[in-house]
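Visitor: I am new to looking at protein models, and I would like to learn how to read one. Could you take me through it step by step?

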Amino acid sequence: MILVTTVVFSQKRIEPTVEDKAKAKALKEQFADDDVALISSVDYVTFDLNKRDKKVTVIHSAKDNMINIDTRADIQKYTFYDGESTIEEFEILYRNEKDASFYVRDEAYKSNDLFHNDSRVKYATIDFPLRGYRYLTHIEKHYKDVKYFTKLYFNSEYPTVKKTIKIEIPNWLNLELEELNFEGYDIKKKVTTNSKGTAKTHTYTLKNVSAMYDDNNAPGPTYIYPHVLILAKTFKSGDDTVNLFDSTQDLYNWYKSLINSLENDNTDITSKVAELTKNTTSDEEKIKNIYYWVQDNIRYIAFEDGIAGFKPDEAANVFNKRYGDCKGMANLTKQMLIEAGFDARLTWIGTKHIAYDYSTPNLSVDNHMICSLFKDDTIVFLDGTEKFNSFGEYADRIQGKQVLIENGEDFILEYVPTTTADFNKEKFAYNLELNGESITGNAIKAYNGESRASLLYYFNSLKNDKKEEFLAYYLNKGNSNIKVSNIETSDLLNRDDNIDISYKIDIKNAVSSFDGQIYIDLDIDKELSGYTMEKRNTDFIFSTKKDIESTTQLTIPSGYTVSQLPENIKVSSKNYDLQVNFTKENNILIYEKRFKIKNAKVEINDFEEWNGFITKLNAIYNEQIILTKD
């Protein structure tokens, strides 16, 4: 009897209180799409000095008060660490601060995108059996070097009633806190000095913080969410002042130290360079042969393993293994070009997923490496990871981004050139006529820029016996009612030329007749039909700028007239120009679509106008052309 009483009493101490049930219900009304919320979340950061290694260390303590706001919920609480960090505490407690006894797993982090990876994950599966049920969690992570501790976000994967970030900076450490994306948020800040006057604590608080958005094709989080960037500049060790990343030069110096430690013995690549440059008639041909060989023969595999996440692999290793990450591929490209007598240099860059530039010396400023070629007073950027990009062409993900180029003890800052949407133009022309219950005719398609590179990549990744099958599938959009034949193409192995494709087309089940009228489903491609921006909180980011020009000409049979056509539609903004037109010239019906996505994005402010156009566009796609017998 005493045992039963003890168990019941214990359960009462962890089951939801009346107040917690009421709080959970109110939070569900506020955060309707979420199952779990944080009543409070506190990040507390302190710093220490490892005098032996002369490194600033970091202790990051994160405490969350979690509450189930739905009928029940099951989640995973997790944290990552690697060779430069450790997890010293991983606690999950009931609301009465007693150990919840969940099994905590500690495993190597597996990712299909990474080959060598020293990341590990510590996690536990937590079940919330009732609305209002609470857990208290505490995770303490130690960083061996402050350079790897880069930023703190206010948002997490759960909505938060009150978020607090406390950063205690000792006087011996010169560390700046750069506050980013604070506009529009009521973030309170307070700075206090401890009783001994040896440290200042910066405390930020924000109430009613939404969870990070689950939007596909969203901008990188550094563009969207308020966060604090950690810029550790210098520190005092005795009478000495030690530089960390006080300037861009310091960041470059550290990167350069990793480059200088490479042992690039190019013996293994010499004969391949000689083979690729033999019988060439110009420097450009030599460069292209080398660049395209790296694109075609080195498999890209991401690599994050300790310092190797920042240090390139030796060129000979990448060459012999036939795979490497972006850094290894950039180094191989550089060394092969140097062997051929050219001035090539390693180059650091952050893709458009990252909001920062090199005015913020921090390891989160970049996530990619390419090679810069200095030739005839110009710089050409070479990215071996971009398969089938032509020499002098750049993927949208790096266009306009600042680069850090090695230049001996100094460095060079430049920007990758940008292109307009018409550089990627896709041009389609259909000449069609009715043939009984089918539509038949000829089609011509042209692909330029990144649309060409994308098609070449997919085409050449297939086995030889699948290529013709792929082309037919690509051209008919996988629609079994559309038969393509007599396909003729330009050279699909030549990435320097645009792609031209011509073929015959036969479309079944697109024509029906009734009482002297013919009903026609005329559209084949239905571009942008699935791009309604619904339930989004962020801009929609396309992988490339787009410029699609489609013209369909349909010969009207003798004895028929067009009795009904969809209305023309048009919309224009700084980010896009979209229009659809129907005209008739003699016995030819002309259906034109012009879709230009000028900046590879649709912004939140565009959504109402954009969705209005897409709704009308889908209506056109679903509407039939009606021909009436004279």
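Guide: We shall go from the whole chain to its sheets, and then to the packing of its helices. Please keep in mind throughout that this is a predicted model.

Visitor: How many helices and strands does the protein have, and what does its C-alpha trace span along the principal axes?

Guide: The secondary structure comes to eleven helices and 37 strands, and the C-alpha trace spans about 95 × 75 × 45 Å along its principal axes. Of the 630 residues in the protein, 50% are buried. If we take the contacts with a separation of 6 or more, 72% of them are between residues 24 or more positions apart.

Visitor: How do strands of a sheet pair?

Guide: In general, strands of a sheet pair through backbone hydrogen bonds, and the pairing can be parallel or antiparallel.

Visitor: In which sense do β25 and β27 pair?

Guide: Strand β25, residues 438-447, and strand β27, residues 499-507, pair in the antiparallel sense over nine bridges, and Ile439 stands opposite Ile507 in β27.

Visitor: What is the strand order in the open sheet of five strands?

Guide: The order in that sheet is β21-β20-β19-β22-β23, and the pairing is antiparallel. Its edges are β21 (378-382) and β23 (410-415), each with a single partner strand, so one side of each has no neighbour in the sheet. Here neighbouring strands are turned by 35 degrees against each other on average, again with direction ignored. Strand β22 (residues 402-407) is joined to β23 by six bridges, and Gln402 has Tyr415 in β23 as its bridge partner. Helix α8 (residues 326-339) lies across β19 (343-349), β20 (368-375), β21 and β22, running at about 20 degrees to β20.

Visitor: At what angle do α6 and α8 pack, and which residues make the contact?

Guide: The angle between α6 and α8 is about 155 degrees, and their axes are 10 Å apart. Angles over 145 degrees count as roughly antiparallel, which makes α6 roughly antiparallel to α8. The contact is made by Ile287, Ile290, Trp293 and Val294 of α6 together with Met329, Leu332, Thr333, Met336 and Leu337 of α8. By class, this contact has eight nonpolar residues, one polar residue and no charged residues.

Visitor: How do α5 and α6 pack?

Guide: Helix α5 (residues 267-277) packs with helix α6 (residues 283-297) at an angle of about 125 degrees, with axes 8 Å apart, and that makes α5 oblique to α6. Lys272, Val273, Leu276 and Thr277 of α5 meet Lys286, Asn289, Ile290 and Trp293 of α6 in this contact, which by class has four nonpolar, two polar and two charged residues.

Notes: Residues numbered from 1 in each chain as written. Predicted model: local features only at pLDDT ≥ 70, side-chain atom pairs only at ≥ 80, totals over all residues. Heavy atoms only, no water. Pairing = 2+ DSSP bridges. Helix = DSSP H or I, 4+ residues; strand = E, 2+ residues; numbered from the N terminus. Axes fitted to C-alpha atoms, helices over the stretch in contact; angles between N-to-C directions. Parallel < 35°, antiparallel > 145°, perpendicular 65-115°, else oblique. Contact = heavy atoms within 4.5 Å. Nonpolar A, V, L, I, M, F, W, Y, C, P; charged D, E, K, R; others polar. Buried < 20%, exposed > 50% of the residue type's maximum accessible area, 1.4 Å probe, protein only.
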